[in-house]
Amino acid sequence: MRTVLCTEIIKNVREMCIEANHFLSSDMREVFETAKEKERSPLGTQILAQLEENLQIAADDKIPICQDTGMAVLFVKLGQDVHVDGGSLTDALNEGVRQGYKEGFLRKSVVGDPILRVNTKDNTPAVIHYDIVDGDQIEITIAPKGFGSENMSRVFMLKPADGIEGVKEAVLTAVRDAGPNACPPMVVGVGIGGTFEKCAYLSKKALTRNLNEKPQISWVKELEEELLEKINKLGIGPGGLGGSQTAFAVNVETYPTHIAGLPVAVNICCHVNRHVTRVL
Ligand code: SF4
């Protein structure tokens, strides 16, 4: 049994919140460069240049890459041989978010009740997904999620007979409907299978997968490539002002499902697609 102190968790989460909001991850920078090379529309090229300038200013001046610094979504892989000392793990994760958003001067975007809508003023609580795994480490991924793109996300409860063509149509419908509202170029996370809530979880998790990592299942890899091509033919373009670079990437995650269903979720993220991972 290995001991991890709450103070260490708080410190790391605090730093990760600031890092995720100030700097684009290396995989996102790579797809950004590729999009710049591929875009042919003059307006699309101009928008990409402006987005790049914004990223540079944020990095130089240590300010957020977007004013919507998001709701903090955390994916935590907790090794079953870890003992968390000094308090509860959930409290430590929320305290890290609280400190990170305060010290980083990141916008506090969380309301404590969805109807009464009073701001909690510290961006907590975070949305935390736990996964118990083998080992004696804790892997934490932080993905601050802006709601311009979150609001354009969808769940489709397809029938098995809809098949893969139905899945493609669902993804294209969600992206088409999102249009400029998701601050393109987007990253499109897709969850296929499981249940209603499981496919939504998978689609969110898909956004945090390194864009250089390709799926092991061949039909999933082919689906990602085909969807990216089809999305980029929609003509939405950077900033929604036209062009060929509507999406940087499509990441698909799958899970077994029931004989009577084919759940599909599409979680759209914008051109900042923030995610940072550390292992403690
Ligand atoms: S969708 Fe993304 S880029 Fe657009 S406002 Fe929200 S966080 Fe910022």
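Author: Start with the spacing: the C-alpha centres of domain 1 and domain 2 lie 25 Å apart. Those domains are 2–20 + 65–145 for domain 1 and 148–274 for domain 2, with bounds from an automatic or database domain assignment. Keep in mind that this is a predicted model, where local features need pLDDT of at least 70, side-chain atom pairs count only at pLDDT 80 or more, and totals for chains, interfaces and linings use all residues. Residues are numbered from 1 along each chain as its sequence is written, and side-chain values use heavy atoms, with hydrogens and water left out.

Now the boundary itself. Across it, 14 residues of domain 1 are in contact with 13 residues of domain 2 (contact is heavy atoms within 4.5 Å). Together the two domains bury about 1100 Å², and 65% of that is on carbon and sulfur atoms; buried area is the accessible area (1.4 Å probe) that two parts lose on being put together, summed over both. On the domain 1 side, Ile-65, Phe-75 and Lys-145 lose the most area to domain 2, together 51% of what that side buries.

The ligand belongs to this story too: both domains give residues to the shell around the ligand, so the ligand lies between them. That shell includes Cys-66, Gln-67 and Asp-68, along with Cys-183, Cys-270 and His-271 (a residue is near if one of its heavy atoms lies within 4 Å). By class, the shell has three nonpolar, five polar and two charged residues. Here Ala, Val, Leu, Ile, Met, Phe, Trp, Tyr, Cys and Pro count as nonpolar, Asp, Glu, Lys and Arg as charged, and the others, Gly among them, as polar.

Next, the sheets. One is open and mixed, with four strands in the order S4-S2-S5-S10. (Helices, H or I of at least four residues, and strands, E of at least two, are DSSP runs numbered from the N terminus; two strands pair if DSSP finds at least two bridges between them.) Its edges are S4 (127–133) and S10 (276–279), each pairing on one side only. Strand S5 (residues 138–145) pairs with S10 in the antiparallel sense over four bridges, and Thr-141 has Thr-277 of S10 as its bridge partner. Helix H1 (residues 6–22) packs on this sheet, touching S5 and S10, and its direction makes about 35° with that of S5. For such angles, axes are lines fitted to C-alpha atoms, for helices over the stretch in contact, and values run from 0 to 180 degrees between N-to-C directions. Helix H4 (residues 89–103) packs there too, touching S2 (71–79), S4 and S5, at about 140° to S2.

The other sheet is also open and mixed, in the order S6-S9-S7-S8. Edge strands S6 (154–158) and S8 (247–257) each pair on one side only, and the twist averages 15° from one strand to the next. S6 and S9 (residues 262–269) are antiparallel over five bridges, with Leu-262 of S9 as the bridge partner of Leu-158. Helix H6 (residues 163–178) lies across S6, S7 (186–194) and S9, running at about 30° to S9.

One last thing: the peptide bond from Pro-184 to Pro-185 is cis, with omega near 5°, and Pro-185 is in the loop between H6 and S7.
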